[in-house]
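Trainee: I'm new to this one and would like to go through it with you. Can we take it piece by piece?

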Amino acid sequence: MKRTDSPQNPLRLCRLSSLRNRYLAATLLLTALFTASALLLQHYVTTVRSERTASIESRQQATQQSRLLREAMLDTERALIAYFWAPSPLQRQTVRGAMDVALERQHRLTDLPWVRQHAEPAALEAEMQTLRSRLDQLMTTREDSALPPPADIFAPFWQQLQVLDRRLEESASNEIAYILRASNHIIGSIWVLALATLLLMLLGFFLFQRYVLGPISIIARALRDEAHGKHDLILPLPATAETQHLVDAFKEMRRQVAERQAALEHQALHDALTGLPNRVLLQDRVQHAIQQQRRAGHGGLALLIMDLDGFKEINDTLGHPIGDGLLQQLADRLQREVRDSDTVARLGGDEFAVLLEQADETEARHMAGRILRLLDQPFEVAGQSLYVAGSIGLALYPQHAHTPQELSRRADVAMYVAKREKNGIAVYDPAQDHYTLQRLAQASDLRSAIGNEHLLLHFQPQIDLRSGLFSGVEALLRWQHPQLGYISPDDFIPVAEQTGLIRHLTYWVLDNALAHMAAWRHHGLPLGTIAVNLSAYNLQDAGLALEVARLIRKWGVQPWRLVLEITESSMMANPARALATLEKLNDIGVQIAIDDFGTGYSSLSYLKQLPVDKLKIDKSFVIHMNEDDSDAMIVRSTIDLAHNLGLEVVAEGVESAEALELLRILDCDAAQGYFISRPLAAAALEEWLASSDYCRGFQEAEGPDDAPEPDLPTTH
């Protein structure tokens with residue numbers, strides 16, 4: 001019968017008996033039968049043994065008494081012959097004594113149960129009495145004459161004993177025959193039991209094969225078929241409750257496996273956060289749509305890829321749960337906006353894709369505009385109104401690509417163009433494809449640049465506004481590409497962060513910055529402090545503090561001379577881990593500065609918890625503060641706030657004497673900018689340190705003594 005997943009009839013299940021109960025009943029029945037057989041056989045053997053033992057003992061007694069009687073009669077016969085040869089009263093008395101012994105033994109013989117049962121004791125007794133009388137007559141006659149005793153006087157007696165002997169022999173023969181019959185009967189019973197046992201074993205094997213091995217074998221084959229994806233399974237018709245349980249267990253297992261497989265397939269093809277199709281399922285649907293278009297021979301389709309603008313700031317500032325809620329709401333809006341035949345997918349992070357079937361460029365642009373208008377409405381998440389913008393790239397089949405992979409890549413290229421040009425929507429243009437290819441090539445070139453001396457450091461001096469003298473430098477990374485020339489950090493730093501090269505890049509900057517400071521000390525040049533920028537990814541690096549400690553020891557630089565600059569937003573990606581990293585750096589003795597202060601979204605309550613030494617006011621507030629009272633107010637408030645928190649303030653972007661003077665009036669501690677000096681190469685900085693008015697009369701600022709070497713390993 002073919003397997004079905006329909007539930008079994010409960011009444012039928014109730015009628016199925018348990019194999020365990022059957023086995024128990026059969027075992028009890030067989031035990032009773034074998035026990036009864038054994039008891040009967042034992043009783044029979046015991047009865048035969050007791051009967052034959054008694055018979056043999058009785059016969060042995062009869063034989064023994066018969067022998068003794070013969071001996072007595074022989075003694076009587078010898079005494080009689082002696083009397084006849086020499087009659088005397090003594091001899092007469094001897095004959096009578098021997099005869100009395102014979103009579104006594106005859107009585108013992110005839111009193112035996114076996115003799116009474118199998119012989120004729122009365123005839124023997126009568127013969128013995130007759131013999132006694134004749135003996136007395138013969139002895140009396142012998143006293144009167146010299147006649148010899150008659151030869152046949154004892155013959156009747158011996159004939160009676162011969163009859164007894166024959167009876168004994170016949171009894172022994174019958175006993176042997178009976179024992180043989182009993183033995184044959186016992187052997188036959190044993191063979192019958194053995195044959196019954198064999199038959200029961202064969203019957204048991206047949207039943208075991210039918211009710212146990214057969215169903216298990218069928219279910220095992222069904223499991224193998226299930227493992228190979230065959231679902232038209234044949235299961236045994238349940239004959240016992242155990243078989244039914246096994247079949248039910250298989251059905252339940254198959255149901256759960258199917259559910260788990262469906263869940264795994266759904267997880268593999270859908271985004272866990274939004275429930276939308278993921279990149280894999282999107283590619284499959286694009287492939288299917290392209291095949292349909294090819295079979296139809298006309299029509300086209302469009303793939304839209306959208307990336308959100310400003311979403312990272314929401315995630316960093318408000319946390320991932322808020323960002324996740326925004327993405328879920330956006331997914332709902334997108335699904336309601338498109339047609340049922342279209343597909344909305346989440347590619348990862350804040351990237352979404354929309355597959356439009358049977359759509360040309362005009363329809364695709366129209367849909368892209370509708371999607372961007374969806375972003376105009378605020379997203380209400382956890383009681384907060386959030387706004388994001390988006391950039392959408394379009395690629396069309398068959399105009400731009402003929403495979404799902406190429407279509408996705410070219411829609412992605414168009415999206416980056418839209419994001420770079422900030423025009424919201426861009427259609428793929430082959431002339432702009434080099435943008436993405438160049439971006440991919442940068443990662444490989446940057447990796448080789450770290451070890452091939454294509455990277456270099458420039459240094460921008462800082463001055464102390466109270467003394468007007470040099471106080472330190474900020475190290476700025478530059479990349480001189482052999483073919484492409486100068487590449488801005490704004491272009492290659494994101495590439496380093498995305499590819500994981502930022503760790504090696506930061507370590508290279510730290511190593512070279514401290515090496516330059518060691519060289520300036522060797523040349524007797526003013527030192528001050530040296531500032532190095534850290535990425536948000538560096539704050540998540542558990543080995544950063546170890547590497548900083550190693551490099552400080554390597555170049556013999558006092559820890560307080562190294563200033564590590566971080567941005568407000570870099571702290572918010574993982575605040576707990578970032579705080580732990582900053583505390584380790586603070587324990588080493590290096591200084592921590594908040595860079596671009598005022599452009600992020602961190603709270604003051606959180607800032608108060610950080611082990612920070614300096615605030616750097618972003619240049620966007622400093623450049624125009626002489627003309628814009630609002631910027632001047634922000635700068636003043638920031639300086640007051642920092643001083644109240646016990647922090648030193650450094651202003652960036654000082655490009656005029658008026659700005660420098662205003663910062664002195666506002667009690668700013670230090671400044672840097674083009675008015676003081678542009679970023680300089682290492683050799684140019686050494687000349688500036690030797691000749692600049694800011695360095696004349698320079699005296700080393702008092703700083704803490706060299707911090708004890710941290711108890712940290714020297715390798716990373």
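**A walk through the model**

Mentor: Let's begin with Gln 65, which is found in helix H2. Please keep in mind throughout that this is a predicted model.

Trainee: Is Gln 65 buried or exposed?

Mentor: Gln 65 counts as buried, because its relative accessibility is 15% and the cut-off for buried is under 20%.

Trainee: And what is Gln 65 in contact with?

Mentor: If we leave aside neighbours within four places in sequence, Gln 65 is in contact with Arg 105, Arg 108, Leu 109 and Leu 112.

Trainee: What about Ala 82, where does that lie?

Mentor: Ala 82 lies in helix H2, and at 30% relative accessibility it counts as partly exposed. Ala 82 and Arg 92 are ten residues apart along the chain, and their C-alpha atoms are separated by 9.3 Å.

Trainee: Now to Ile 186: which helix is it found in, and what does it touch?

Mentor: Ile 186 is found in helix H6, and, not counting residues up to four places away in sequence, it touches Leu 41, Tyr 44 and Val 45. Val 45 and Ile 186 are 141 residues apart in sequence, yet their C-alpha atoms are 8.0 Å apart in space. At 22% relative accessibility, Ile 186 counts as partly exposed.

Trainee: How does the lining split by class?

Mentor: The lining of the second largest pocket has 13 nonpolar residues, three polar ones and one charged one.

Trainee: Zooming out, how many helices and strands does the protein have?

Mentor: The protein has 23 helices and 17 strands. It has 716 residues, of which 42% count as buried. Among contacts between residues at least 6 apart in sequence, 70% join residues at least 24 apart.

Trainee: And the largest nonpolar core, how many residues has it got?

Mentor: The largest nonpolar core has 81 residues, and those with the most contacts inside it are Leu 562, Leu 564, Leu 585 and Leu 663. The largest share of this core comes from helix H15, residues 502–522, which gives ten residues. Apart from this core lies another, of 35 residues, among them Leu 327, Ile 371, Leu 386 and Val 427.

Trainee: Can you say more about Leu 564, and what it touches?

Mentor: Not counting residues up to four places away in sequence, Leu 564 touches several residues, including Leu 510, Val 532, Leu 534, Val 548 and Leu 585. Val 590, Gln 591, Ile 592 and Ala 593 are also touched by Leu 564. As background, nonpolar side chains tend to be buried together in soluble globular proteins.

Trainee: Which residues of helix H23 are buried?

Mentor: In helix H23, residues 682–691, the buried residues are Ala 682, Leu 685, Trp 688 and Leu 689. They are on the same side of H23, because they cover an arc of only 115 degrees around the axis. On the other side of H23, Ala 683, Glu 687 and Ala 690 are exposed.

Trainee: What do the buried ones pack against?

Mentor: The buried residues of H23 pack against strand S8 (455–464), strand S9 (470–481), H15 and strand S17 (680–681).

Trainee: Last topic, the backbone. Which peptide bond is cis, with omega near 5 degrees?

Mentor: That is the peptide bond from Tyr 397 to Pro 398, and Pro 398 is found in the loop between strand S6 (389–397) and helix H12 (404–421).

Trainee: And what about phi of Gln 358?

Mentor: Phi of Gln 358 is near 55 degrees, a positive value in a residue other than glycine. Gln 358 is placed in the loop between strand S3 (351–357) and helix H11 (361–374), and it is partly exposed, with a relative accessible area of 47%.

Trainee: Where does Ala 382 lie, and is it buried or exposed?

Mentor: Ala 382 lies in the loop between strand S4 (379–381) and strand S5 (384–386), and it is exposed, with a relative accessible area of 66%. Phi of Ala 382 is near 55 degrees, a positive value in a residue other than glycine.

Definitions and conventions:
Residues numbered from 1 in each chain as written. Predicted model: local features only at pLDDT ≥ 70, side-chain atom pairs only at ≥ 80, totals over all residues. Heavy atoms only, no water. Core = buried A, V, L, I, M, F, W, Y, C linked by side-chain atoms within 4.5 Å. Buried < 20%, exposed > 50% of the residue type's maximum accessible area, 1.4 Å probe, protein only. Helix = DSSP H or I, 4+ residues; strand = E, 2+ residues; numbered from the N terminus. Contact = heavy atoms within 4.5 Å. Nonpolar A, V, L, I, M, F, W, Y, C, P; charged D, E, K, R; others polar. Arc of directions from axis to C-beta.
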